[in-house]
Structure formats: C-alpha cells, structure tokens
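Dear colleague,

I am handing over the structure below, and after it I set out what was found. Please read the notes with the model open beside them.

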Amino acid sequence: MFTPEFTSPVITWNAVTARLRDWRREPDLSGATDFDSAHWGDIGLSPDRNSGLFGYAERNLGQPSELFSSLKAGSVAHSAQTAPLGKWRKMIDRLKPYSVRGQVAGVHTYINQMHDHASDVATLARSKPWTGVLNCTSWPEAETDTALAKYVSLRFLGFHPDRLRLVLADAISLSNEQVVLVVMFGGKAFVLGDGANGITTDERLPDFLPGCSLNAKQFYLHWAADRNDSPSEAAKRLLNQFGLAAA
C-alpha cells in the first residue's frame, strides 16, 4: 500500500519512475507487506484463487455481452489520438521492462493522476459489447472510467483477463468508493482504488461490499453467505441497482 505522497494527483512521470526503480527486481520476501511479498507467477495465465472477492460468495452468470445484450456499448474509440492518450501509450511502453509489481504500481499511480482524462483510455474498451452494462447509472462514470482505464492498461501489459475484475459495490455498501479494479495474483486479490487506500488486499477493506464484478469474459454475482444473504436476494438488489426488471 502506498503513501498519499505516492498517489498524489500532481505526480509526474519522472516522480513515478523514481518510485518504481525499487520494483525493477523481484522483491525480498522477508518482512515485506502483502503487495511487496506477493508471488507473481505468469500474468499471462489464469490465476489460482478459489475464494470469493472481499470474503463474499460468488457465482459466474456468464458472458456480460450476452447477459446484457440489450444494453448498448459506449462511444466508438477515438479515431484521432488525443494528447493524454498519446502520453498514456508512452507510459505503457516505459512500464514494459519493469517487474509485475512495478507495472501494477505504475498503472495505478498514473491513471489516478489522469483524473478526467482517464476517460480517453477507458473509451478504448467502452466500444466493446461486454462494457454495455457499465453504462448503467449505478456505475459512477468518473470512478468507472478510472477503473476501466487501469483494466485496459494492464491488458495492454499482458495480464490475463481472469486476473482482472471491475467490481461494483452493493447498494448496501458503506464504502466511499463504488467502483474498483481488482488484480489477482499470488492467491490474493489486490484492490486498485481511486481514493486514499492505495493498493491493498480485499480482506483489508471490510466496508466495501461487492454487488457484482466482471471482465471481458465473465459476469459475477456476489452475496454474503455468512450473513444470511442469498443469491436471490443479491440478484434482486442488483436488478434494482441497475434499474432493470427481472426476466
């Protein structure tokens, strides 16, 4: 997890690279934090993780492009490269020599400091059929753009889509953040939020209660199996949250 200084919105690329120099090599695992001590494995392969996100049970409901086929995708990707998009592409190229930890940290910091310009990167995915559900008003646009831009960035760096999940908080969640990106490796789920939490594991964010999550391949429903919750109740909340009628 990083200090507020590292996640400051006024961070420049030079400041980011200065922080990333320590991550060029694999970390010393003795006495390190969760993120520093994670075993990376091959990011191009599907992760080995059995437990649900944030301690919740989860059910794979299928491909989001098929489940929400009636929902239109966003605008077509930029035909002309914007200045922020051009800088982002250079940032991705510069991150390629770094370790997995450096790539995740670099993407997290850079996208957070893009603010409104994160939408330029998010647009690269918003034209895809699987992102139609992200246009529902339950997904806060600015937070969603930030999380989706991180998703796009890590996919460009070769992360397997199963390692990445965009997670929408349940309507009953007490968290200030409503949309986050989760990256899975080393048997842990690391949360890349847009606030002051930096990068941390899902187990350290008890106030964030997931309602659903997705990537380009799958859409997941989440419920609190240990709190007398059920898939049917969770599905009802989610339909109400999305403003959709049950079939």
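**Arginines, loops and a pocket**

Arg-126 is buried, its relative accessible area being 11%, where buried means under 20% relative accessible area, exposed means over 50%, and partly exposed lies in between (1.4 Å probe, protein chains only). This is a predicted model, in which local features need pLDDT of at least 70 and side-chain atom pairs count only at pLDDT 80 or more, while totals for chains, interfaces and linings use all residues. Residues are numbered from 1 along each chain as its sequence is written, and side-chain values use heavy atoms, with hydrogens and water left out.

Arg-126 belongs to helix H6, residues 118-126; helices (H or I, at least four residues) and strands (E, at least two) are DSSP runs, numbered from the N terminus. The side chains of Arg-126 and Asn-135 are joined by a polar contact of 3.2 Å. A polar contact is a pair of N or O atoms within 3.5 Å; within protein, one must be able to donate a hydrogen and the other to accept it, and residues adjacent in sequence count only if both atoms are side-chain atoms.

Arg-165, in strand S2 (residues 164-169), also counts as buried, because its relative accessibility is 5%. Its side chain makes a polar contact of 2.9 Å with the side chain of Glu-58. Not counting residues up to four places away in sequence, Arg-165 touches (heavy atoms within 4.5 Å) a set of residues including Leu-53, Glu-58, Val-180, Tyr-220 and His-222. Ala-189 is 24 residues from Arg-165 along the chain, and their C-alpha atoms are separated by 9.6 Å.

Arg-155 lies in helix H7, residues 141-156, and is partly exposed, at 36% relative accessibility. The side chain of Arg-155 reaches the backbone oxygen of Phe-159 at 2.7 Å, and, leaving aside neighbours within four places in sequence, Arg-155 is in contact with His-160, Pro-161 and Leu-164. Arg-155 and Ile-43 are 112 residues apart in sequence, with 10.0 Å between their C-alpha atoms.

His-115, in the loop between helix H5 (100-112) and H6, has a phi near 55°, a positive value in a residue other than glycine, and at 46% relative accessibility His-115 is partly exposed. Asn-228, in the loop between S7 and H8, has a phi near 60°, again positive in a residue other than glycine, and at 81% relative accessibility Asn-228 is exposed.

What lines the largest pocket? The lining has 13 residues, of which Leu-67, Phe-68, Leu-239, Phe-242 and Leu-244 lie nearest the centre of the pocket. On a 1 Å grid over the protein atoms alone, a pocket is an open set of points where a 1.4 Å probe fits, with protein on both sides within 12 Å along at least five of seven lines, and lining residues have an atom within 4 Å of a point. Helix H8 gives the most to this lining, with four residues, and by class the lining has twelve nonpolar, one polar and no charged residues; Ala, Val, Leu, Ile, Met, Phe, Trp, Tyr, Cys and Pro count as nonpolar, Asp, Glu, Lys and Arg as charged, and the others, Gly among them, as polar.

For the chain as a whole, there are eight helices and seven strands, and buried residues make up 54% of the 247 residues.

With best wishes
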